[in-house]
Amino acid sequence: MPVFLRVQKTAPFFIPLWLDIEPMISYNLPMPSQLDSLQRRLEESARQHGASLFGVADLAGARNSGFSKPPSIIAGYPRAISIGVVLAPSIVDTCIDSPTRFYAFHYRVANSRLDAITFILAQMLLDAGYDAMPIPASQIVDWDKLTGSTSHRIIGYLAGHGFIGRNALLVNPRYGARVRYASLLTDVLFLNDVPLSGVDCGSCRECIAVCPAGAIGETINEFNLEACKDKLDYFKRHLVGHHICGVCVRVCPGKVRQ
Ligand code: SF4
Ligand code: SF4
């Protein structure tokens, strides 16, 4: 069993930060070139299997920000790989004022695809002698707040995929809110991405007007989670059997086309 010398990246060098040493076993100290190669292979594999977005979040500064429940889940993981799959515009566009069965099916397929990709990437890391923990794309653990064990939205933000919009979703400059995300925690200190700066909703207010719950305000602090949750409960019971909506996703297609 390998022992990992964990290192903190301070470009262009990797500096040893702390040691977890177990007796009678040798170090497994990845060199920067090995890390680069592994990171490239992971990204290539993710993209080959359907991911449009791939990034690495530095979790070190976010440990106490409450996005993980319990916080111990991320304790041994200084990095998280964030991947995103883009939803089909033709499907999202069916959600005029409520979710459709097309959207519900597509949503499930996207989540399955994300889970398959994080599973594959985790196997690649495990095979290479590292630790990895895939976080399910859609698994609610706190039904009051509709949150999972860790926030893919926050990890995606830290990985530079986008900004948090008025609709409380992660908004990617190219694909808007029409992306589903999943995360893979790892102890490998990959070169991390950084949050985007200088981008936000700007003058756009499309989602405020269309939200059937009136849950979206001028700022993220005004977002009414209870109102949104009640509407998702209604959609689950009466329309699609799932806590989904899609309306504020539909009107947020991304402002910067590449
Ligand atoms: S629709 Fe516009 S206002 Fe709403 S989150 Fe997207 S960019 Fe922001
Ligand atoms: S998911 Fe639906 S109810 Fe919730 S904020 Fe978006 S549009 Fe409103």
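Ala, Val, Leu, Ile, Met, Phe, Trp, Tyr, Cys and Pro count as nonpolar, Asp, Glu, Lys and Arg as charged, and the others, Gly among them, as polar. These legends describe a predicted model, in which local features need pLDDT of at least 70, side-chain atom pairs count only at pLDDT 80 or more, and totals for chains, interfaces and linings use all residues. Residues are numbered from 1 along each chain as its sequence is written, while chains are lettered from A and ligands numbered from 1 in the order in which they are written.

**View 1. The shell around ligand 2.** By class, this shell holds 9 nonpolar, 1 polar and 1 charged residues. Its members are N167, C211, P212, A213, A215, I216, C228, K231, C245, V247 and C248, where a residue is near a molecule if its C-beta atom, placed from the backbone, lies within 6 Å of it. Two or more residues each come from α6 (225-240) and α7 (247-250); helices (H or I, at least four residues) and strands (E, at least two) are DSSP runs, numbered from the N terminus.

**View 2. The shell around ligand 1.** Ligand 1 is surrounded by 13 residues, and the closest are G165, C201, C204, C207 and C252. The shell divides into 7 nonpolar, 3 polar and 3 charged residues.

View 3. Strand β5 (residues 79-86) runs antiparallel to β4 and is joined to it by 6 bridges; strands pair if DSSP finds at least two bridges between them. G55 is opposite S82 in β5.

**View 4. The surroundings of T186.** T186 lies in strand β9 (residues 179-186) and counts as buried, with 25 C-beta neighbours inside 10 Å. Leaving out residues up to four places away in sequence, T186 touches Y77, R79, I81, L125, Y130, D131 and A132 (contact: C-beta atoms, placed from the backbone, within 7 Å).

**View 5. Residues 1-28.** pLDDT, the predictor's confidence in each residue from 0 to 100, stays under 50 over residues 1-28. Where pLDDT is low, the predicted coordinates should not be read in detail. Confidence is lowest in strand β2 (residues 13-19), at a mean of 30, and highest in α7, at 98.

Terms used:
Two residues are in contact if their C-beta atoms, placed from the backbone, lie within 7 Å. A residue is buried if 20 or more other C-beta atoms lie within 10 Å of its own, exposed if 12 or fewer, and partly exposed in between; C-beta atoms are placed from the backbone.
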